[in-house]
Amino acid sequence: MDRKLTPGSPYDELAQAYDSPVNQAFYGAIADCLGAWVPEAGSHPERPRALDLACGTGTSLEALSARFPGYAWEGVDASARMIERARARPALESLALQVARAEALPHPDQSLELISSSFALHWFGPAAWSEVWRVLKPGGWFVGSVPLRGRRPAHPGNEALFRALLARRRQARSGAGAGLSEGQLRERLEGWSEVSFQALELEESFPGLAEMNRILTTRGSVQAIFGLPALPPETRAPEGELTFVWKIGFFRAQKPS
Ligand SMILES: C[S@@+](CC[C@H](N)C(=O)[O-])C[C@H]1O[C@@H](n2cnc3c(N)ncnc32)[C@H](O)[C@@H]1O
């Protein structure tokens, strides 16, 4: 079982506000970078099957399916409300979208050629990694993006979040603290072949702390980092615009043939 999501995903609450323009721009930019790691489908009599795992409201799935039409795409997510919104996207209306958890995928063994997962792996329990392995065909690819743990970038937004986290470390739910370190990611990909990895930084500016708090909350990021629904109110930051730098790991790995 995963540690952070109990029945009733926090994303059920977040689904309504999740697709704001600022969030679409953020997750869209990550999905575009992830696209660079997706192998072309090649030519087959039948389109190979690709799954966007934890597709949410469909931002990553829409970007990847438009860019790689050679795959027959589908999506799953643990949150019924997120899937409902994905189903309402005209670009996804012909795709199969299901409510399912990464730790118990509804797919038969060795049935998929590609699995993508954008900005969601840090929520998954350990069983998800064996599920991905189980449902991929030999020679199939796993591509993903994940927030990276590691040295904190020295920017005002990151500093404010880090100070809040330190001040609240007792209250933060155990297991909170989003992201995987590069080492943890490499460990989870042991046994895979053709593993490649790159860390990129993505900078965002917010008009101030209150707005940063509001936006990160709608994304689920505050929940992921603190295990709490919102930033502690006494969090302090300098007045005016706040920059926040995300360190994001991108990878791809192949299941050996
Ligand atoms: C930050 S959103 C990313 C969604 C989408 N990939 C995108 O780029 O917009 C994380 C998603 O992971 C989903 N999620 C979290 N834990 C999950 C699990 N164990 N199995 C399946 N989905 C999960 C959440 O419901 C949420 O939709």
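**Close-up 1. Strand S4 and the strands beside it.** Strand S4, residues 112-118, is mostly covered in this predicted model: seven of its seven residues are buried. On one pairing, S4 lines up in parallel with strand S1 (residues 49-53), and three bridges tie them together. To find that pairing, look for Asp52, which sits opposite Ser116 in S4. S4 also pairs in the parallel sense with strand S5 (residues 136-147), this time over six bridges. Here Leu112 is the one to look for, as it faces Leu136 in S5. To get from S4 to S5, the chain passes through helix H5 (residues 127-135), making a right-handed β-α-β crossover.

**Close-up 2. The buried side of helix H5.** Which residues of H5 are buried? They are Ala128, Glu131, Val132 and Val135. Looking down the axis of H5, these buried residues stay within an arc of 100 degrees, so they line one face of the helix. As for what covers them, S4 and S5 are both included.

**Close-up 3. Helix H4 and its cover.** Helix H4 runs over residues 80-87, and Met82, Ile83 and Ala86 are buried in it. Why do the buried residues of H4 line one face of the helix? Seen down the axis of H4, they fall within an arc of 100 degrees, so one face is where they end up. The cover over these buried residues includes two helices, H1 (10-18) and H3 (59-67). It also includes two strands, S2 (72-77) and S3 (96-99).

**Close-up 4. The shell around the ligand.** How many residues surround the ligand? There are 25, and the closest are Ala54, Gly56, Ser60, Ala120 and Trp123. Helix H2 (21-35) and H3 are the elements that give two or more residues to this shell. Sorted by type, the shell has 13 nonpolar residues, seven polar ones and five charged ones.

**Close-up 5. Leu34 and its contacts.** Leu34 belongs to helix H2. Is Leu34 buried or exposed? It has 25 C-beta neighbours inside 10 Å, and the cut-off for buried is 20 or more, so Leu34 counts as buried. Skip its neighbours within four places in sequence, and Leu34 is still in contact with Ser116, Ser118, Val143, Ser145 and Phe250.

**Close-up 6. Gly208 in its loop.** Where is Gly208 found? Look in the loop between strand S6 (193-206) and helix H8 (209-219). Gly208 has 14 C-beta neighbours inside 10 Å, so it counts as partly exposed. Leaving out residues up to four places away in sequence, Gly208 touches Gly240 and Leu242. From Gly208 to Leu242 it's 34 residues along the sequence and 5.6 Å from C-alpha to C-alpha.

**Close-up 7. Strand S7 with S5 and S6.** S7 covers residues 242-254 and runs antiparallel to S5, with seven bridges joining the two. S7 also runs antiparallel to S6, and there twelve bridges do the joining. A handy landmark in S7 is Gly249, the bridge partner of Val146. Gly249 is the bridge partner of Ala199 as well.

How values were computed:
Residues are numbered from 1 along each chain as its sequence is written. This is a predicted model: local features need pLDDT of at least 70, side-chain atom pairs count only at pLDDT 80 or more; totals for chains, interfaces and linings use all residues. A residue is buried if 20 or more other C-beta atoms lie within 10 Å of its own, exposed if 12 or fewer, and partly exposed in between; C-beta atoms are placed from the backbone. Helices (H or I, at least four residues) and strands (E, at least two) are DSSP runs, numbered from the N terminus. Two strands pair if DSSP finds at least two bridges between them. A crossover is right-handed if, with the strands pointing away from the viewer, the path from the first strand over the helix to the second runs clockwise. The arc is that of the directions from the helix axis to the C-beta atoms. Two residues are in contact if their C-beta atoms, placed from the backbone, lie within 7 Å. A residue is near a molecule or strand if its C-beta atom, placed from the backbone, lies within 6 Å of it. Ala, Val, Leu, Ile, Met, Phe, Trp, Tyr, Cys and Pro count as nonpolar, Asp, Glu, Lys and Arg as charged, and the others, Gly among them, as polar.
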